[in-house]
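Take a moment with the sequence and the model below. Then follow the text from the whole chain down to single residues.

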Amino acid sequence: MTAKIITVTSGKGGVGKTTATANIAVALAQMGQRVVCLDADIGLRNLDVVLGLENRIVYDLVDVVEGRCRLKQAMIRDKRFDELHLIPAAQTRDKNAVSPSDMMKLGDELREEADWVIIDSPAGIERGFRNAIAPADEILVVTNPDVSAVRDADRIIGLIEAEQKEPAKLIINRMHPEMVQRGDMLDAEDVLELLAIKLIGIVPEDEHVIVSTNVGKPVVLEEKSMAGQAFRNISRRLMGDEVPLLNLEFKDDFLTKLSRIFK
Amino acid sequence: MSDWLKKFTNQPNSANEAKERLKLVLIHDRTDINPEVMEKLKDDLLKTISHHIAIEPESVTISMLHEGREQRLVADIPLKHYDRSKVG
């Protein structure tokens, strides 16, 4: 069996790419899949800390590309799942140390090692982004429901189209249902209409994400977290399951219920 | 603040404003056509068409329409009303 390669990207930084990558990967591993995560954000590596694997790094992506180690030596095994591995980004190099064709070659080698390869892309529209999408079979664009994140997502979607890749799918992260309800945040429908691409999941704002990042334990491992549930659902959709969207309807208090009557 | 309270205080719905602003920004980002270019295009079009047929320059509208991720330039150019009673 050969792996499917998924790249998670965004345009704007700080929208939750690394969190999404880590959680989708862990959720797939939870379902018994063999997963390799690849941090393509050279110079600004973070997937290692989000996964809690920062103390195990010996070799990195650039070591593999430049032939200083074998592929398997750079694959760090996860603490919790034997079939989940991370290839970390190099921290002291820059994005020009790797080319899109290096990434294609690496992607082809990784296809033999797993069922899924999940690549964490750097923000931006330059070399690092092009490296990250080069080997991708499917691209997921992460955005937040705000003006600048949506605008940058649109740029990235245009560039993905220009590369003749399969149309990207959208993850809307950090949704505040109560703000949407009072008309102070773009809702998923608005964002989809503006960007005109398919949705693969909506992730609500959730304090559990920060707590889980603090301890290096992705939020999908937190049964009660809504964000965790949303990421589990995204992974199931990647597996081909039909999963309804989470009900993010804000729990009405008495006053908002009353206000509905006056709408 | 709830919607009905907002109606009383006349506070705008910021999500709608965000959406409207984004619509315009995305059209410009996708096509690299800014309002100045649109105006110039409109002037040139009017000049060229006026060479051949009589039109109502004030009623001409040129706009960008988007269907999915496709952009389309749409021009609506009303012809000048032709008074038949004066003919012959």
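What percentage of the 263 residues of chain A count as buried? The figure is 48%. Keep in mind that this is a predicted model.

Start with the overall form of chain A. Its C-alpha trace spans about 70 × 40 × 35 Å along the principal axes. A compact globule of 263 residues would have a radius near 18 Å. Chain A has 18 Å, so the two agree. Chain A contains 12 helices and eight strands. Now look at how the chain meets itself. Take the contacts in chain A between residues at least 6 apart in sequence. Of these, 74% join residues at least 24 apart.

Next, zoom in on one helix. Helix H5 of chain A runs over residues 100-111, which makes 12 residues. At 1.5 Å a residue, H5 should span 16 Å. The C-alpha atoms at its ends are 16 Å apart, so expectation and model agree. Which residues of H5(A) are buried? They include A:Met103, A:Leu106 and A:Leu110. These residues cover an arc of only 65° around the axis, so they sit on the same side of H5(A). What covers the buried residues of this helix? The cover includes two strands of chain A, E2 (35-39) and E5 (116-120). It also includes helix H3 (61-65) and helix H6 (127-133) of chain A.

Helix H3 of chain A leads on to the next stop. A:Arg68 is found in the loop between H3 and helix H4 (71-74) of chain A. Is A:Arg68 buried or exposed? It has 12 C-beta neighbours inside 10 Å, so A:Arg68 counts as exposed. Leaving aside residues up to four places away in sequence, A:Arg68 touches A:Tyr59 and A:Asp63. A:Asp184 is another matter. A:Arg68 and A:Asp184 are 116 residues apart along the chain, and their C-alpha atoms are separated by 52 Å.

Now turn to the backbone angle phi. Most residues other than glycine have a negative phi. A:Arg174 is not a glycine, yet its phi is positive, about 65°. A:Arg174 lies in strand E7 of chain A, residues 169-175. With 22 C-beta neighbours inside 10 Å, A:Arg174 counts as buried. A:Ala196 also is not a glycine, and has a positive phi of about 50°. A:Ala196 lies in the loop between helix H9 (188-195) and strand E8 (198-204) of chain A. A:Ala196 has 16 C-beta neighbours inside 10 Å, so it counts as partly exposed.

Finally, move to chain B. Chain B is divided into domain 1 (1-32) and domain 2 (33-88). How many residues does each domain give to the contact? Domain 1 of chain B gives five residues, and domain 2 of chain B gives five residues. The domain 1 side of this contact in chain B has one nonpolar, two polar and two charged residues.

B:Glu39 lies in helix H3 of chain B, residues 35-52. It has 11 C-beta neighbours inside 10 Å, so B:Glu39 counts as exposed. B:Glu39 and B:Ile62 are 23 residues apart in sequence. In space, their C-alpha atoms are 8.8 Å apart.

Note on methods. Residues are numbered from 1 along each chain as its sequence is written. Chains are lettered from A and ligands numbered from 1 in the order in which they are written. This is a predicted model: local features need pLDDT of at least 70, side-chain atom pairs count only at pLDDT 80 or more; totals for chains, interfaces and linings use all residues. Domain bounds come from an automatic or database domain assignment. Two residues are in contact if their C-beta atoms, placed from the backbone, lie within 7 Å. Ala, Val, Leu, Ile, Met, Phe, Trp, Tyr, Cys and Pro count as nonpolar, Asp, Glu, Lys and Arg as charged, and the others, Gly among them, as polar. Helices (H or I, at least four residues) and strands (E, at least two) are DSSP runs, numbered from the N terminus. The expected span of a helix is 1.5 Å times one less than its number of residues. A residue is buried if 20 or more other C-beta atoms lie within 10 Å of its own, exposed if 12 or fewer, and partly exposed in between; C-beta atoms are placed from the backbone. The arc is that of the directions from the helix axis to the C-beta atoms. The radius of gyration is taken over C-alpha atoms; the globule rule is 2.2 Å times the number of residues to the power 0.38.
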